[in-house]
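This report looks at two residues and one interface. Please read it alongside the sequence and the model.

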Amino acid sequence: MGRYVVRRLLQMVPVFIGATLLIFLMVNVMGDPIAGLCGDRQCDPATAAQLKKEFGLDKPVWQQYLTYMGNVFTGDFGTAFNGQKVTELMATAFPVTIRLTVVAIVIEVVVGIALGVVTGLRRGRPIDTSVLLLTLIVISIPTFVTGLLLQLLLGVEWGWIKPSVSTDATFSELIVPGLVLASVSLAYVTRLTRTSIAENRRSDYVRTAVAKGLPRRRVIIRHLLRNSLIPVVTFIGTDIGALMGGAIVTERIFNIHGVGFQLYQGIVRQNTQTVVGFVTVLVLVFLVANLLVDLLYAVLDPRIRYA
Amino acid sequence: MRGATHAKWAACAAAVALAATACGSSGGSSSGGGDGSAVLSASWGDPQNPLEPANTNEVQGGKVLDMVFRGLKRYNAKTGKAEDMLADKIETTDSQNFTVTIKSGWKFSNGEAVTAKSFVDAWNYGASLKNNQKNAYFFGYIDGYDKVHPDSGSQSATTLSGLKVTGTDTFTIKLTQKFSTFPDTLGYAAYSPLPSTFFSDHAAWLKKPVGNGPYTIESYTKGSQMQLKKWDGYTNADKAQNGGVTLKVYTDNNTAYTDLMAGNLDLVDDIPASQLKNVKSDLGGRYINTPAGIIQTLAFPYYDKDWNKSGSEKVRQGLSMAINRDQITDTIFQKTRTPATDWTSPVLGTAGGFQDGLCGDSCKYDPTEAKKLVQEGGGLPGGQVKITYNADTGSHKEWVDAVCNSINNALGNDKACVGNPVGTFADFRNQIGQHKMTGPFRAGWQMDYPLIQNFLQPLYYTNASSNDGQWSNKDFDKLVDEANAETDTGKAIKLFQEAEGVVRDNMAAIPLWYQNGSAGYSDRLSNVALNPFSVPVYNEIKVG
């Protein structure tokens with residue numbers, strides 16, 4: 001087990017380097033970012049040259065990349081064009097996005113799995129059909145439609161919530177955005193759990209558990225659900241990364257100043273340092289989440305071993 | 001039990017991997033609510049540059065500077081005229097050497113007195129190359145600028161030789177050339193005075209800028225919001241009529257508008273284009289739409305021989321007459337732009353040099369005449385014009401397509417004009433800077449100060465800083481030089497208008513429309529107005 005974890009951590013290194021290099025090159029292809037800093041006019045050449053020197057943009061790309069990576073390993077992610085350290089931006093953006101992701105994941109897990117179990121056990125009944133229909137609708141509606149619609153209804157028409165999230169972005173403010181963010185994944189979790197439960201219901205170990213005379217609740221939670229969760233855990237694991245990086249639309253609609261906001265602004269202003277820094281951290285989140293998922297398999301299914 | 005061991009390993013792996021990223025986390029401190037009875041909230045955007053006066057060249061940072069600083073002059077929000085603020089008098093006999101006397105009694109909000117040194121130090125800082133100030137070119141008229149800010153190489157001086165402190169409240173300015181309207185440029189934020197703490201503890205100052213204006217900064221959460229409080233120690237007549245302003249950063253102006261509708265925000269100064277149709281029914285009288293000092297034009301690449309030969313001015317005139325400005329401003333911009341009839345802006349006022357109709361027939365829609373002129377001029381270079389624009393911001397695509405449609409219809413040729421989008425603004429500016437344009441390109445000009453000089457010299461003077469198309473005309477240059485040397489303002493403006501006539505006769509750039517500033521506000525507010533820079537006049541807003 002220990003060796004497996006070490007091997008996986010080592011495998012992360014080339015993936016990490018490859019991903020950051022790609023991002024770095026992509027951002028650089030967009031051209032010289034300094035030209036966009038002076039509004040609708042030409043930057044005066046002396047100041048532009050000075051700025052390029054300060055941000056290291058006068059060097060060849062490979063050298064820029066090496067310097068950047070060197071700095072990253074000492075915890076220095078560079079400086080954004082507005083003079084703020086990128087680490088400072090991360091320190092304000094990540095807590096907000098993590099809170100949003102937590103809200104979304106909790107909604108996904110609690111509601112999604114509960115609905116999945118209920119429908120999986122009552123396959124073909126009216127409740128199953130109506131939940132399936134509902135998830136189909138949710139999957140087919142894009143996030144920005146759900147987001148804007150809920151914002152307009154709850155925020156403006158009925159006045160239950162504030163249409164935008166304040167600077168503090170507390171958990172209670174993030175419930176509606178979290179729901180919007182979670183909605184599509186929620187539908188997938190429901191469907192995955194449902195199929196998996198329905199399949200395993202007829203398996204031998206469940207029959208054995210029932211024959212042993214175990215109470216129904218224990219059979220479902222301890223034996224049936226635990227073994228049925230493997231595909232669901234895989235999905236949720238990869239979803240964590242997707243939710244953190246892909247919240248741009250939801251964050252824009254509800255004016256949440258998280259990772260999506262910083263990435264969007266970084267891209268629009270061609271701020272290499274911000275974009276590469278944030279994406280680097282997101283890549284790490286993805287890698288770690290994937291590793292955790294693989295390790296969780298062993299926790300869920302005793303038959304799986306890592307050596 | 002085996003499950004527990006596995007879980008432990010999983011947690012361990014996570015800890016190792018996360019420690020490697022070394023991302024510290026300390027939540028931004030901010031005091032959330034607490035909006036008293038007289039504090040208003042307003043929409044804001046994250047400033048692009050650090051909030052230094054000589055480094056702020058866009059409107060979001062400009063909003064803060066306008067509240068926190070007062071300079072020698074200030075532009076009247078209604079007339080756009082430069083009026084004395086800190087300046088007691090600015091005297092000159094030759095339009096080149098100026099003596100400035102400032103009023104005594106002005107203080108920064110940290111108690112430090114505003115003296116002549118506060119100005120001279122600030123200007124020297126702004127001009128110096130090593131400080132990377134993006135507005136440094138503002139000090140380019142002052143003697144010694146080429147030493148502190150050379151075009152290439154390192155600077156040989158740290159202070160401008162043209163600035164001398166001659167007393168606590170007086171200093172002298174020596175310019176490199178005659179420039180009679182120079183005192184009127186001093187209302188721009190780049191000329192603000194700075195307290196000594198700006199230089200002694202720069203990092204702390206940037207966290208919480210200190211100035212001499214009617215507001216002080218209470219708290220500033222970068223990228224999110226800024227709370228400004230009325231400064232009780234401010235004694236001048238233009239003190240704040242409200243208790244304070246909370247500026248909230250919005251990523252999307254649609255959200256800001258929704259917040260205004262829900263009563264969660266008091267003032268939105270950027271109405272989203274998609275809402276312009278509903279704004280009157282949504283807000284009634286609480287919507288303002290006033291001219292701002294912005295003109296949109298189509299510039300041409302004069303470094304390209306095809307656009308710089310005899311007869312090509314007829315092609316440009318023809319193109320100008322092929323554009324149905326009225327229709328485009330009505331349908332696409334919902335009257336938030338006004339068809340242009342000269343190369344300046346209505347905010348200057350007729351006394352300031354704006355001349356309605358100076359462009360004459362060349363800016364009127366006339367398809368038959370347009371077609372004739374293009375043919376007389378030798379037809380379109382290469383048989384087609386491509387209008388280059390950046391597609392990432394604004395609604396540039398919409399109007400460029402509309403302009404092309406209008407041209408195609410007028411010339412009776414489906415392929416006479418096409419749009420040529422460039423992905424990002426930075427790349428667009430890059431291509432312009434490298435002289436890669438092959439046809440007309442989008443050019444917007446937001447004035448630095450409300451003077452006719454600012455609409456002409458930087459854009460059309462030979463090798464001027466924003467003369468992106470490299471247009472050059474001896475007559476124009478001569479008239480501008482004469483105008484700058486003329487001490488009588490009225491005569492100077494006449495000369496500038498003559499110079500503008502040269503621009504018209506050559507159709508150096510096609511004027512499209514004047515841009516308006518628009519804003520909407522909640523029913524808690526009254527006395528809301530936008531100044532000629534389309535920044536709300538915060539200090540005059542009344543709450544409740």
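Leaving aside its neighbours within four places in sequence, with which residues is B:Thr170 in contact? They are B:Thr99, B:Val100, B:Thr101 and B:Ala116, where contact means that the C-beta atoms, placed from the backbone, lie within 7 Å.

This is a predicted model, in which local features need pLDDT of at least 70, side-chain atom pairs count only at pLDDT 80 or more, and totals for chains, interfaces and linings use all residues. Residues are numbered from 1 along each chain as its sequence is written, while chains are lettered from A and ligands numbered from 1 in the order in which they are written.

B:Thr170 belongs to strand β7 (residues 170-174) of chain B. B:Leu451 sits in the loop between β16 (441-446) and α16 (452-460) of chain B. Helices (H or I, at least four residues) and strands (E, at least two) are DSSP runs, numbered from the N terminus.

B:Thr170 is partly exposed because it has 16 other C-beta atoms within 10 Å, and B:Leu451 is buried because it has 26. Buried means 20 or more other C-beta atoms within 10 Å of the residue's own, exposed 12 or fewer, and partly exposed in between, with C-beta atoms placed from the backbone.

| Pair | Apart in sequence | C-alpha to C-alpha |
|---|---|---|
| B:Thr170 and B:Lys103 | 67 residues | 9.4 Å |
| B:Leu451 and B:Thr181 | 270 residues | 8.1 Å |

Beyond four places in sequence, B:Leu451 is in contact with B:Thr181, B:Asp184 and B:Thr185.

The contact between the chains takes 67 residues from chain A and 68 residues from chain B. On the side of chain A that touches chain B, α13(A) gives the most, with 10 residues.

Conventions
Two residues are in contact if their C-beta atoms, placed from the backbone, lie within 7 Å.
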